[in-house]
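Here are a few friendly notes on charged side chains to read alongside the model. Keep the 3D view open and look up each residue as you go.

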Amino acid sequence: LPGAGTCYQQAKRVLHAAVPDRLHAREKETGVIRQFLREHICGRRPGSLYISGAPGTGKTACLSRILLDCKDELAGSKTIVLNCMSLSSPQGVFPAVAQQLGLPAAAGREGVRRLEKQLTTQGPMVLLVLDELDQLESKAQDVLYTLFEWPRLPGSRLVLVGLANALDLMDRSLARLGARPAGSPRLLHFSPYTREQLSTILQERLGQVAGDPVLDAAALQFCARKVSAVSGDARKALDVCRRAVEVVELEVQSQTLLKPLPGGE
């Protein structure tokens with residue numbers, strides 16, 4: 001089977017959860033985020049956006065794609081992207097941000113005070129993207145509260161974008177912010193993908209592989225139906241298909257090793 005190996009390799013590559021060139025079924029959300037960044041970063045208006053949605057609904061991929069596409073527009077500002085999973089404690093977010101802004105390390109209240117001073121003095125806009133924001137929840141919720149207060153400080157140049165799985169994080173942790181609606185975060189929710197959307201995503205990805213389809217349409221439909229019933233998680237759907245390709249690949253390899261080639265009686 002000449003070339004078969006490469007078609008399976010290609011299929012596995014396109015089924016990885018990398019940031020695609022275009023995110024299917026997320027045009028509306030992409031538009032909202034782009035508009036928010038234009039208004040606040042380009043318009044030099046501090047503010048915050050809270051993006052919620054279950055895992056695999058495209059939150060991080062969508063934002064990553066926009067940051068790549070809008071590089072030129074955001075060139076005059078400082079962008080900091082932190083995944084909160086990498087922090088050892090909620091308080092660890094402050095030294096991490098300070099380091100990105102080139103500030104000397106300072107712990108506790110002193111470190112937070114220095115950061116606030118830095119973010120309210122003249123300078124370029126700062127876009128702070130915090131992924132897996134749920135990790136910053138603490139008993140007193142003081143870390144999240146402090147972060148979302150920063151864009152409201154007089155003279156602030158911070159635009160904060162937080163991404164989290166929890167839909168009710170704002171109600172739970174930041175009810176105090178809601179009491180002052182003028183500066184409360186803009187909310188954007190990513191719904192789970194439907195069966196049709198998952199099916200299109202899988203077909204679009206596998207359509208990039210030349211030759212006959214590696215997985216047939218019925219298999220893709222089955223996968224989309226199962227995943228949408230449980231979670232609507234696109235990463236899971238990509239995973240399942242990647243594993244299916246590996247199974248087919250192994251079968252084909254073992255057949256070519258064991259069976260004589262046609263005509264080679």
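1. Start with Arg26, which is buried in this predicted model. Its relative accessible area is 3%, and it counts as buried because that value falls under 20%. Arg26 has a charged partner, Glu29: the two side chains form a salt bridge, with 3.6 Å from N to O. Glu29 is buried as well, at a relative accessible area of 8%.

2. Next, find Arg22. Is this residue buried or partly exposed? With 45% relative accessibility, Arg22 counts as partly exposed. A salt bridge joins Arg22 to Glu27, and their closest N and O atoms are 3.2 Å apart. Glu27 is also partly exposed, having 46% relative accessibility.

3. Arg22 takes part in a salt bridge with Glu204 too, at 2.7 Å from N to O. Where do these two residues sit? Arg22 is in the loop between α1 (4-14) and α2 (27-42), while Glu204 belongs to helix α9 (residues 195-206), so their pairing ties together parts 182 residues apart in sequence. Glu204 has 33% relative accessibility and counts as partly exposed.

4. Why do such pairs form at all? Side chains with opposite charges can pair when their charged atoms come close.

5. Salt bridges can also be linked up, so do look for the network made of Asp21, Arg34, Arg65 and Asp69. For the whole model, the count comes to 15 salt bridges; the pair of Arg26 and Glu29 is one example to revisit.

Methods
Residues numbered from 1 in each chain as written. Predicted model: local features only at pLDDT ≥ 70, side-chain atom pairs only at ≥ 80, totals over all residues. Heavy atoms only, no water. Salt bridge = Lys/Arg side-chain N within 4 Å of Asp/Glu carboxyl O. Buried < 20%, exposed > 50% of the residue type's maximum accessible area, 1.4 Å probe, protein only. Helix = DSSP H or I, 4+ residues; strand = E, 2+ residues; numbered from the N terminus.
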